[in-house]
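Work through the exercises below with the sequence and the model open. Each task is followed by its solution in steps.

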Amino acid sequence: MKFKRGTVNDEIPTASMADIAFLLIIYFMVTTTFAATRGIDFSLPQEEDSPLVDKEESVLIEIQPGGGLLVDNKPLLLENVLEYLKPKLERNPMKPVIIRANEMTEYGYMVSVFDELRQAPDKIGMEVKNVSIPTQREINMFWY
Amino acid sequence: MRLRVRSVQNQGIPTASMADIAFLLIIFFMVTINFEVDKTQVFLPKTQIRLEIPKKAAYISITESGQIRVSGGEEISVPVHPEDVLSFAADVVARDPQKAFVLKADKSVPYRYVDGVIDSLKQAKAEVIYLLSEQETIDSRAEEG
């Protein structure tokens, strides 16, 4: 009687590897969310480097609820703020600039003003180094 | 006369390297994937200056209605009462004094909510805040203008 010896395939079947890999790709593509991971940085003053800013010697930018600006109590458009600051910064590069937003002002307007000040090196060729954003508690405590 | 046998052309598309390509794509996605710790839906303000936010930064999000959620950077954000932001920030700073905070606030939220959060961060002795924003373009400025 003749027996037929079966041949064993000693290779690992990899035909479905591509299918598995593409399923994983689809999973990653569907679950990946392109999160906004950029923003504008704002360094908070630490105790040792936070001198009291003299209101008279600083530039005060007040932001009204509708987005209107009062710079040193004079209405000014956002695009003209840096031109207003330029001569002051030429005299004193460390001129303090205070941003004070009304409590009902939309947050976006405050960010626009801060962004405009950060663009000073490109627009007027000098940096606004001393920007402070006092909070209402600080205003109540130190404003005079 | 004997005719030459015509060579047989292989009509199949070679797919042997398909798995390699697919695995390279998987590696790309695995390396670049950024797990969002805060999925709060907000309309971010638009800025021209935008810097890369450090990884594992702590998140504080504020919705248009003033609801606040916080995350230390590792875990999914949780809603908190405005008065609890200070204790959250103090706890984060105590663990890592150089920890960056990301403020993810809706552009329409009244500033008093943001003011309260910034004040808590100042009191907690946080060093730096990143105001999360989207890229401002000429088109977006014209739309808002």
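Helix axes are lines fitted to C-alpha atoms over the stretch in contact, and angles run from 0 to 180 degrees between N-to-C directions. Helices (H or I, at least four residues) and strands (E, at least two) are DSSP runs, numbered from the N terminus. This is a predicted model, in which local features need pLDDT of at least 70 and side-chain atom pairs count only at pLDDT 80 or more, while totals for chains, interfaces and linings use all residues. Residues are numbered from 1 along each chain as its sequence is written, chains are lettered from A and ligands numbered from 1 in the order in which they are written, and side-chain values use heavy atoms, with hydrogens and water left out.

**Exercise 1. Two helices of chain B**

Task: Describe how helix α2 of chain B and helix α3 of chain B cross, and state which residues make the contact.

Solution. 
Step 1. Helix α2 of chain B covers residues 85-95 and helix α3 of chain B covers residues 111-123; their axes come within 8 Å and cross at roughly 40 degrees.
Step 2. The angle therefore makes α2(B) oblique to α3(B). Angles under 35 degrees count as roughly parallel, over 145 as roughly antiparallel, 65 to 115 as roughly perpendicular and the rest as oblique.
Step 3. The crossing of α2(B) past α3(B) is right-handed. A crossing is right-handed if the near helix is turned clockwise from the far one by less than a right angle, and left-handed if anticlockwise.
Step 4. V85(B), L86(B) and A89(B) of α2(B) meet V117(B), S120(B), L121(B) and Q123(B) of α3(B). Contact means heavy atoms within 4.5 Å.
Step 5. Sorted by type, the residues of this contact of α2(B) with α3(B) are five nonpolar, two polar and no charged. Ala, Val, Leu, Ile, Met, Phe, Trp, Tyr, Cys and Pro count as nonpolar, Asp, Glu, Lys and Arg as charged, and the others, Gly among them, as polar.

**Exercise 2. A helix pair between chains**

Task: Do the corresponding analysis for helix α1 of chain A and helix α1 of chain B.

Solution. 
Step 1. α1(A) passes α1(B) in a left-handed crossing.
Step 2. On the side of α1(A), the contact is made by M17(A), A18(A), A21(A), F22(A), L24(A), I25(A), F28(A) and M29(A). On the side of α1(B), the residues are M18(B), A19(B), A22(B), F23(B), L25(B), I26(B), F29(B) and M30(B).
Step 3. The contact of α1(A) with α1(B) has 16 nonpolar residues, no polar and no charged.

**Exercise 3. Aromatic pairs**

Task: How many aromatic pairs does the structure hold, and why is the pair of F28(B) and F29(B) classed as it is?

Solution. 
Step 1. Over all chains there are three aromatic pairs. Rings of Phe, Tyr and Trp (its six-membered ring) pair if their centres lie within 6.5 Å; planes under 30 degrees apart count as stacked, over 60 as edge-to-face and the rest as tilted.
Step 2. The ring centres of F28(B) and F29(B) are 5.5 Å apart and the planes stand at 70 degrees, so this pair is edge-to-face.
Step 3. F28(B) is partly exposed at 46% relative accessible area, whereas F29(B) is buried at 12%. Buried means under 20% relative accessible area, exposed over 50%, partly exposed in between (1.4 Å probe, protein chains only).
Step 4. F88(B) and F101(B) have ring centres 6.4 Å apart and planes at 85 degrees, so this pair too is edge-to-face.
Step 5. The pair links distant parts of the chain, with F88(B) in helix α2 of chain B and F101(B) in strand β6 (residues 101-105) of chain B, 13 residues apart. Both F88(B) and F101(B) are buried.

**Exercise 4. Buried or exposed?**

Task: Are E74(B) and F114(A) buried or exposed, and what does each touch?

Solution. 
Step 1. E74(B) lies in the loop between β4 (68-71) and β5 (78-80) of chain B, and counts as exposed at 58% relative accessibility.
Step 2. Leaving aside neighbours within four places in sequence, E74(B) is in contact with V37(B) and K56(B).
Step 3. K56(B) sits in the loop between β2 (51-52) and β3 (58-62) of chain B; its phi is near 65 degrees, a positive value in a residue other than glycine.
Step 4. F114(A) is in helix α3 (residues 107-118) of chain A and counts as buried at 3% relative accessibility.
Step 5. Not counting residues up to four places away in sequence, F114(A) touches I40(A), D41(A), F42(A), I99(A), V131(A), I133(A) and L131(B).
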